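Please look at the sequence and the model first, then read on.

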Amino acid sequence: MNWAHWIIVPVVLPLMAGALLLLLERERPALAARLSLAATALHLLVAISLAAATADGTVHAYLLGNWRAPFGIALALDRLSALMLLLTALIAVASVMYACGRGPRGRHDERGPHFHALFQFQLMGLNGAFLTADLFNLFVFFEVLLIASYGLLLHGAGVVRLRASIHYVVFNLTGSALFLIAVSTLYGLTGTLSMADLAQRIPSIPAESAGLLQAAALLLVVVFGVKAAIFPLYFWLTDTYGAATAPVAALFVIMTKVGVYCIARVTTLMFGADAGPVSFVVEPWLSWLALATLALAAFGALAAWHLRRLVAYLVLASAGMLLLGVGLGTAGTIAASLFYLVHSTVVAAALFLLVDSMVASRGEAGDEMVPAPLASAGGYGTLYFLLAVAVAGLPPFGGFIGKSMLLVASRSEPLAVGVWTAVLLSSLGIVVALARAGSTVFWKAAPANAMQTAAAQASAPERGALALLVGAACATVVAAGPIASYTEATAQQLLDRKGYIAAVLGAETAPPAWNPRADMKKVK
Amino acid sequence: MSMELLLASGLGVLTAAGVWLLLRARVFDVIVGLTLLSYAVNVFIFLTGRVRIGAPPIVDAGRAPTLANYADPLPQALVLTAIVISFAMTALILVIALRANAQTGSDHVDGAEPGEGRAEGQGP
């Protein structure tokens with residue numbers, strides 16, 4: 001970590017890899033797939049080393065173009081950013097690995113053009129959004145990740161995907177328009193876009209602008225709520241995730257977490273304690289909406305008639321849980337949310353991959369919940385059972401630990417009764433939905449004939465990707481202690497925002513390696 | 001003052017027209033609505049630098065470097081970024097809409113005329 005430029009590597013590495021892949025993919029597809037896999041593996045190593053660098057609680061700032069913080073754009077790496085980077089890298093490795101596998105319709109990454117390049121650009125956008133300490137730069141990275149996601153959603157083509165794409169693109173473009181209105185209102189009021197500088201200036205906003213400031217703050221959270229899929233802004237999610245190909249859906253699981261990350265960041269840094277007129281303006285709304293999201297996700301899961309949609313509703317339930325923790329806003333609930341975030345992201349991505357791999361032998365039935373022939377039902381059934389137990393939040397998996405952490409931390413909240421009821425009942429609903437899906441798909445399955453079995457043979461990369469994610473889900477149980485203490489430290493760091501502000505605004509510019517002015521004089 | 005009023009009401013009309021078109025069921029109307037909305041947003045960003053006439057954006061030696069003497073150059077830089085992005089996004093959604101129209105034979109946002117019912121396929 002002595003090299004100051006490590007922080008920008010998660011943005012530059014996918015950019016370079018994506019650009020190279022655009023040149024290579026047509027002529028040498030096999031080499032391109034390997035390069036993509038190598039780039040994501042390297043990305044994972046970088047993310048691990050960045051997480052190690054933040055473990056002692058330091059916040060690292062990086063001044064782009066060597067401009068001092070409020071004037072230039074700064075990147076900031078704290079525990080939360082490092083955690084999100086690491087999680088993104090892990091899901092990315094599994095998705096790319098799965099995409100290199102061979103399904104019944106041929107290789108997953110060859111079902112449409114530019115898969116690997118778009119994938120890398122999406123990673124660039126995600127990493128940039130997690131790292132940036134500037135609101136307008138956050139908008140730009142949002143657009144980078146969205147434009148790549150539009151391409152990825154269309155991967156594999158087909159009418160269902162086109163229809164889902166139109167809804168998804170229009171919804172997100174409208175969201176971007178609202179984002180720009182919120183950001184420019186904040187700029188008009190405070191004269192700055194740096195999040196650390198905004199946090200310092202917001203308390204001293206004159207009282208006559210308080211209403212405008214509150215409107216901007218709430219509008220910003222609406223925009224992040226679109227990404228995080230909070231009630232009533234989640235209708236795009238199930239169509240989109242249900243329509244996307246499996247490796248894309250697995251990566252999209254992390255995309256809802258961008259919204260959660262941004263809400264956690266702005267509510268603690270800019271609209272948290274001692275923020276004058278916008279102090280805790282978001283939290284009361286957030287908790288109630290999160291409870292509604294949880295309830296509707298459970299109903300949706302019960303009503304889902306397709307496995308992919310069922311998993312999409314599980315992603316929605318996880319978004320509800322996470323926003324609930326952030327909305328309650330104490331160190332304990334935020335720590336519980338972050339713990340649950342790690343677990344639920346990994347398990348939901350694994351479920352998307354598992355469903356896709358499993359339905360290969362079901363022929364016409366696809367992922368519909370009807371009895372159909374199923375090859376290697378034993379193996380898939382075991383995996384499904386493990387992941388269903390994990391995602392529903394039953395012991396011994398991480399979901400159980402995360403949910404109990406949240407329930408314990410919310411005991412003294414005024415909303416405690418609502419939280420306990422919603423979390424426990426929605427978990428029950430999800431257990432019922434998963435049990436019904438499992439019993440239809442596995443117990444009523446006819447044995448597959450030899451041809452179906454041959455068609456459904458999961459290829460080695462697919463198995464590898466599933467093993468990686470299931471292994472990671474198990475690791476969240478084995479290493480629950482260290483992960484919980486890391487997320488507790490993360491929540492503390494978020495609420496005690498002085499470190500972040502001091503690191504970003506106090507970052508020193510690097511001394512110039514050469515003096516351009518002196519050199520210009522020499523030339524003259 | 002009258003300039004502010006004119007700009008603000010113009011923005012309001014643009015946004016209202018954009019939102020109204022956005023809520024219609026035809027893809028073409030929706031795209032025009034998005035375009036109007038992005039125009040409104042771009043002008044809004046520009047105006048966060050306040051309405052100033054004849055103020056230079058670059059600091060010179062003669063005047064004190066406060067915003068009272070200069071125009072704010074940052075919103076102008078922001079609006080350029082926003083224009084480029086919204087232009088690219090409009091081009092992209094136009095391509096998706098044309099493709100969808102070619103494949104479904106309908107320019108309804110759900111890909112099927114009302115009454116014909118949505119195709120229920122969810123699969124890949």
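Leu316(A) is buried, because 27 other C-beta atoms lie within 10 Å. A residue is called buried if 20 or more other C-beta atoms lie within 10 Å of its own, exposed if 12 or fewer, and partly exposed in between, with C-beta atoms placed from the backbone. Leu316(A) sits in helix H12 of chain A. Helices are DSSP runs of H or I with at least four residues, strands are runs of E with at least two, and both are numbered from the N terminus.

This is a predicted model: local features need pLDDT of at least 70, side-chain atom pairs count only at pLDDT 80 or more, and totals for chains, interfaces and linings use all residues. Residues are numbered from 1 along each chain as its sequence is written, while chains are lettered from A and ligands numbered from 1 in the order in which they are written.

What does Leu316(A) touch, leaving aside its neighbours within four places in sequence? Its contacts are Ala229(A), Tyr234(A), Leu237(A), Thr293(A), Ala297(A) and Gly300(A). Two residues are in contact if their C-beta atoms, placed from the backbone, lie within 7 Å. The C-alpha atoms of Leu316(A) and Ala228(A) are separated by 8.5 Å, and the two residues are 88 residues apart along the chain.

**Two helix pairs**

Ala228(A) also takes part in a helix pair. In H8(A), Leu220(A), Val221(A), Phe224(A), Gly225(A), Lys227(A) and Ala228(A) meet residues of H10(A), among them Met255(A), Val258(A), Ile263(A) and Val266(A). The residues of this contact between H8(A) and H10(A) are ten nonpolar, three polar and one charged. Ala, Val, Leu, Ile, Met, Phe, Trp, Tyr, Cys and Pro count as nonpolar, Asp, Glu, Lys and Arg as charged, and the others, Gly among them, as polar.

H8(A) covers residues 210-228 and H10(A) covers residues 246-269. Their axes come within 6 Å and cross at roughly 155 degrees. Axes are lines fitted to C-alpha atoms, for helices over the stretch in contact, and angles run from 0 to 180 degrees between N-to-C directions. H8(A) and H10(A) are therefore roughly antiparallel to each other. Angles over 145 degrees count as roughly antiparallel, under 35 as roughly parallel, 65 to 115 as roughly perpendicular, and the rest as oblique. H8(A) passes H10(A) in a left-handed crossing. A crossing is left-handed if the near helix is turned anticlockwise from the far one by less than a right angle, and right-handed if clockwise.

The other pair is H13(A), residues 331-358, with H18(A). Here the axes come within 9 Å and cross at roughly 150 degrees. H13(A) and H18(A) are therefore roughly antiparallel to each other. Their crossing is left-handed. Residues that meet include Val342(A), Val346(A) and Leu353(A) in H13(A), and Leu466(A), Leu469(A) and Ala473(A) in H18(A). By class, this contact of H13(A) with H18(A) has 13 nonpolar, three polar and one charged residues.

Val477(A) lies in H18(A), which spans residues 460-478. Is Val477(A) buried, exposed or partly exposed? Val477(A) is partly exposed, with 17 other C-beta atoms within 10 Å. Apart from neighbours within four places in sequence, Val477(A) is in contact with Pro396(A), Phe397(A) and Gly398(A).

| Chain | Buried residues | C-alpha extent along principal axes |
|---|---|---|
| A | 59% of 524 residues | roughly 80 × 65 × 40 Å |
| B | 24% of 124 residues | about 70 × 30 × 20 Å |

Chain A has 21 helices and four strands. The radius of gyration of chain A is 23 Å, close to the 24 Å that the globule rule gives for 524 residues, so chain A is as compact as a globular protein of that length. The radius of gyration is taken over C-alpha atoms, and the globule rule is 2.2 Å times the number of residues to the power 0.38.

Chain B has three helices and zero strands. Its radius of gyration is 21 Å, but a compact globule of 124 residues would have one near 14 Å.

**Where the chains touch**

30 residues of chain A are in contact with 32 residues of chain B. On the chain A side, H6(A) gives the most, with 16 residues. By class, that side has 15 nonpolar, ten polar and five charged residues.
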